Structure formats: structure tokens, C-alpha cells
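Start with the structure itself.

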Amino acid sequence: MLERRMSHDDLVDHLVRTSPLSRGEAARVVLDVLAYFDETTEAFVRRRHRELQCGGLTNADIFERITAELPYRAVAPPELSLRQLRRIVYG
């Protein structure tokens with residue numbers, strides 16, 4: 001987690017400048033959001049099913065809702081080689 005925090009210092013700085021959050025609070029928010037979007041599809045489906053089931057929905061409604069939510073999940077980009085990164089920058 002320390003590596004992730006270091007790689008998002010610019011975002012933490014931005015949150016501190018633009019919100020009432022302290023640096024520690026901003027870092028925690030960034031880490032929580034990243035952890036949320038790091039969730040695998042399988043883990044997301046299982047978690048949402050449990051949450052919606054606890055809310056009293058039936059499986060038919062649950063699976064319909066999950067199907068509608070899945071396209072809005074963040075997808076991590078593929079790992080890029082140094083050469084690929086250079087081509088992005090320099091064409």
C-alpha cells in the first residue's frame with residue numbers, strides 16, 4: 001500500500017488543496033477508492049449479490065441490477081512495456 005500511496009501523491013495533494021481534508025484523510029480516501037476499483041469482477045458480483053439480497057431483493061432483480069452495473073465498473077489498463085509507454089508519448 002505504501003507504493004500505491006506514493007504513486008498517487010499528486011492526487012492527495014489535489015484533494016488537500018481543494019477540500020477540507022487533511023493529508024492523512026485524503027490519502028485514506030484515495031486508498032479506499034482504489035481498493036474499491038481493484039475489486040475483481042467475481043468479487044464485485046458476489047459482494048453486490050450479498051448486499052442486494054440483504055436489501056430484500058429477489059435473485060431475478062439482483063442479477064438484473066448487477067448486469068446493469070457491470071458496464072460502469074472501472075477496468076485496469078493492461079501492463080505496458082517501456083517501449084509501449086515511449087510510443088504513447090513520442091508516437
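## Salt bridges and fold

A search of the whole structure turns up 8 salt bridges. A salt bridge here is a side-chain nitrogen of Lys or Arg within 4 Å of a carboxyl oxygen of Asp or Glu. Side chains of opposite charge can pair when their charged atoms come close.

This is a predicted model, in which local features need pLDDT of at least 70 and side-chain atom pairs count only at pLDDT 80 or more, while totals for chains, interfaces and linings use all residues. Residues are numbered from 1 along each chain as its sequence is written, and side-chain values use heavy atoms, with hydrogens and water left out.

**Overall build.** The chain has 6 helices and 0 strands. Both are DSSP runs numbered from the N terminus: helices are H or I with at least four residues, strands are E with at least two. From the N terminus the order is α-α-α-α-α-α. The radius of gyration is 18 Å, well over the 12 Å that the globule rule gives for 91 residues, so the chain is more spread out than a compact globule. That radius is taken over C-alpha atoms, and the rule is 2.2 Å times the number of residues to the power 0.38. Along its principal axes, the C-alpha trace spans about 50 × 40 × 20 Å.

**Surface and contacts.** Of the 91 residues, 14% count as buried. Buried means under 20% relative accessible area, exposed means over 50%, and partly exposed lies in between (1.4 Å probe, protein chains only). The chain exposes about 7400 Å², and carbon and sulfur atoms supply 59% of that area. Areas come from the Shrake-Rupley method with a 1.4 Å probe. Among contacts in the chain with a separation of 6 or more, 34% are between residues 24 or more positions apart. A contact means heavy atoms within 4.5 Å.

**Charges.** The chain carries 14 positive and 14 negative side chains. The centres of the two sets lie 4 Å apart. Lys and Arg count as positive, Asp and Glu as negative; His and the chain ends are not counted. Each charge is placed at NZ of Lys, CZ of Arg, CG of Asp or CD of Glu.

| Pair | N to O distance |
|---|---|
| Arg28 and Asp32 | 3.1 Å |
| Arg47 and Glu51 | 2.8 Å |
| Arg48 and Glu69 | 2.8 Å |

**Pairs within a helix.** Arg28 and Asp32 both sit in helix 3 (residues 23-38). They are 4 residues apart, about one turn of the helix. Arg28 is exposed, at 54% relative accessible area. Asp32 is partly exposed, at 38%. Arg47 and Glu51 lie in helix 4 (residues 41-54), 4 residues apart, and are separated by about one helical turn. Glu51 is partly exposed, with a relative accessible area of 36%. Arg47 counts as buried, at 18% relative accessibility. Leaving out residues up to four places away in sequence, Arg47 touches Tyr36, Glu39 and Arg73.

**A pair between helices.** Arg48 forms a salt bridge with Glu69. This pair links distant parts of the chain: Arg48 is in helix 4 and Glu69 is in helix 5 (residues 59-69), 21 residues apart. Arg48 counts as buried, at 15% relative accessibility. Salt bridges that share partners join Glu39, Arg47, Arg48, Glu51, Glu69 and Arg73 into one network.
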